[in-house]
Amino acid sequence: MFIDSVNAVSDFDPHFKVFHDLMAFKVQEILLVSSLYDAFLMEEDGSLATRLISEYHGLNLSKAPKITRVSSAVEALDHVRQKKFDMVVTMPYPGGMDAFSLGTAIKEISPTLPVILVAHNLRSTFPDKVESHGVDKIFLWCCEADLLLAIIKNVEDHLNVDVDTERAMVRVIIYVEDSPLYRSLFLPLIYHEVVKQTQSVLDESLNERHRLLRMRARPKIVMATNYEEAIELYEAYKPYVFSVISDVRFRKNGEINGEAGFDFLTSIRDDNRDLPLLMVSSEQKNRALSTQIPAVFIDKNSPLIKDELHSFFLNHLGFGDFVFRMPDETPIGKASTLPEFEQQLKVIPEESLRYHTDRNHFSNWVMARAEVILARSLHVDNLQNITDMNSIRKNLVHKVHSLRKLRQQGVVVKFEPVDYDREVMDFVKIGDGSMGGKARGIAFMWACLQSASRETDVLASNIITIPKTCVITADGFEAFVEKNSLSLEKDMSDEDIADIFLDGNLPIWLCRDLRSFLKKCHKPYSVRSSSLREDGQFKPYAGLYSTYFLPNNAPDFDERLAQLESAVKLVYASTWFKSPIAFSKISGQGRDDSMAVIIQELAGAQYGDYWYPALSGVAQSHNFYPVMDMKPEEGIAHIALGIGKTVVEGGKSLWFSPAKPKKLVQFSSVDNMLKYSQRQFYALDMSQGGNLKRDNSNLVLRNIQDAEKELPVTLLSSTYIADEHRVRDSYLPGMKIMTFARLLKYSSYPLAKILTKLLKIGKAGMGTDVEIEFAVHIDPDPEKCKFFFLQIRPMVTSGEMVDVQICDHEIENCFCFVNQSLGHGNFDTMADIIYACPDAFDISKTQEMALEISEINGKLVQEERPFLLVGPGRWGSSDQWLGIPVQWSDISGVAAIVEIRNDIIRADPSQGTHFFQNITSLGIPYLTLDENDGLTNGRKKNHIDWGWLKKQPHVGNGKYIKHIRLKKPFILKCDGTKSESVLFAKHEGCMPICTVDDKEVWNQNNTMREEC
């Protein structure tokens, strides 16, 4: 399986971070000292560098080193003085100096630079020379590039082994051989087995990047040529030794000893009864000695030496399948992967379990997969205190399953039908293309959470996760469009576009993978968009594409699959819907022609015929409208019972500052609680068999009072006692008020602390303020509560801070002034104003008002005339009783918005909704005017001059909506530093905009202010 290219995430992946630090030393520059003839003999039928590169690529290793060749010792010494090399390979007689003398001279210049002697025959290796000063290792060239590869890797291993064993407990193989001939034959074979076998057994659930990183943790091979060196290596790396491979005849105490290898291996067996040992010898008599140790024996002269070495790695070092056996060696099962290993551990007889446990087979097999910590925990020494075999079985299964689960957390892996394991894989992707902005954000935060949960108490002590997620990458959309040759007419309705997409056929590979995925998905899920630009920096496209919810409970599987495929097609279709196209035009992004799709299990639980989370919400790291002693940087959160549609579409919700969760401004009195508390919530209807509904995505709007006996309401609501005109924080007969007191007032679950930490992590990771969406499953037992992270997007909190000054005279002569506004700058391009006439306003007719606005907007967009939009309530709310429910396509030409709070509609400011997020990301000034507010900073109170508006030339009058056009553009000035905005008309002889280009001049001369 392979990772999605989210480099920022993989760079700090918590489970693999240690591997980034391994193999720190790499041979990148090699100095080859040889005559032209020697080089010709080495290269034979091809460039040595080319063959080396081919060998590296064949084994999927990292970048091959560069080779620089010189002909003489003098040239070699000059190069070593002038340039940094990682290794020197020299022939026996490089131009007037023998290899040992050259090596000694090189060591004087660079004492740690490895010098390797490579000869074409044994005589040239100075076989009688006991001391080899200046040369680190000697080999015979066998016309194979794999020898050079083995030499390079061995040099790297010797220089990396100390750090790598300390940091990651990397395993060590000790190889003892004094013969350059056999060393040159055997070392490449050992490396080939180590690399290929390690590659073959790495967990297939890992992605390619992580597999390459894990290769850095392959066993390191260290070489000795005599008894003393061998003992020294064993003592130095005893805790990490994986295996020992040894010759028999080599020097001990300075003399050739025919049983030195036997003595060495025997001493190791006395110290470690489980360590795999291999004796290699050209003398058959030593086979009997090997049985005394005991150790595996291989004859150096055997024609099957490659096969025998391969067998040793498979059967004794754990690189092959694990064959489960009874004590009499009868095989009863096998496992190739950790999932299969886990399943077999659950069912094998106790006799087999005891047999393998006592012989440490489990630990050895896992160790070969570079799972060092798990291997240690499975070691027989850690199981000796457990005498009950059933307890041992549970212990082994738990440890293996926990590791598999841990390895997947924070990782995006490619979906493979055979390997997909829903229990341990939280985030998979189908396809090889881009995951889109929304999915990238989820993957980014998911990876961040893994390291954060280990550093933060509140995250470590609570379950913080994501719903099971599958992303269909953008190449699925592109293949769908190409397969069906889709071409759409310019003015087609959204419904017609959806019909065309539903008639199309998904690619065969996508249908196959969706079928396999759905077979293991048994919970309700949502199908959401993840366009390439969605939730991107400064262009979030929040809520502009379609989302569908499916119960996934139809009796017939093919029906469930058809519903999933239809939902995917409808999300694809929303790419061409009016609202996202209109947003793309005004944001200057052009048309967005590609789309990934997120299939995500729905957070929550089933209560009767409905599925919903106990609460869902949106949290922002920046509070645009801080009140009382709240601070902008403390952020704000909006929460509601049920599915998050209530919050993101502007329905009634409860808002609070995560830093001050007990301070609920909108619940300052009992009357306010009754007026502003949530009365309805969205839930997924589980009783309809999952028929896909385009209009409401299978969601139903329920009354909270109808759900008063359901667990979330009983846990999170308070009760209004009418006789007392009082709200009590307990479950009693009476009207339910969603106060969430259990969480915010009594802190039985640390929701506010979790949000504070997540916003901090998200802001630090994205480098800007962020908005997150979340859901929480609440249980009477706090340890069973689950926080589900759903989405993250960047926020735009400030533009380029040009200097803006609002004059008192401007306020006195304006037609609108507010002290709660978003945006910053001077705007003088609008002459058109669309407003909801107060005299004709009827809160039950807000949907008709939206249609009138949409008609005017269409004309102004064609004329390229930006406009100001003014009206009561919450713009873009899906609740028609809280404001005018416009969609983005209805107001796509808007350049500034005034949201009015008055006695008719007194909804809280819009922050937290998708509509609000898109408005602010475009830098559109957003003014919230409270007509009941008093003086601000001693200035005239917030106000709008309706009389002035009514006197202006009207170019269009609907039943509810009026359209005026001024002769000249009016001026809008937004001071983002004070959250103040003023709108006034231009007059002849008046400076159009009061600005401060030079503060010193301004301080000395007030002429500009007076003239204005």
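Author: Happy to! Let's start with F815 and F970, both of which are buried, meaning under 20% relative accessible area, where exposed is over 50% and partly exposed is in between, with a 1.4 Å probe and protein chains only. This is a predicted model, in which local features need pLDDT of at least 70, side-chain atom pairs count only at pLDDT 80 or more, and totals for chains, interfaces and linings use all residues. Residues are numbered from 1 along each chain as its sequence is written, and side-chain values use heavy atoms, with hydrogens and water left out.

Reader: What makes N154 count as buried?

Author: Its relative accessibility is 3%, and the cut-off for buried is under 20%, so N154 counts as buried.

Reader: Why is the pair of F324 and F362 called tilted?

Author: Rings of Phe, Tyr and Trp (its six-membered ring) pair if their centres lie within 6.5 Å; planes under 30 degrees apart are stacked, over 60 edge-to-face, and the rest tilted. The centres of F324 and F362 are 6.4 Å apart and their planes are at 45°, so this pair is tilted. Both F324 and F362 are buried.

Reader: And what makes F815 and F970 edge-to-face?

Author: Here the ring centres are 5.7 Å apart and the planes stand at 85°, so the pair is edge-to-face.

Reader: How do you know that the charged end of R702 sits over the ring of Y610?

Author: The rule asks for NZ of Lys or CZ of Arg within 6 Å of the ring centre and within 35 degrees of the ring normal. For R702, the distance to the centre of the Y610 ring is 3.9 Å, and its charged end sits over that ring.
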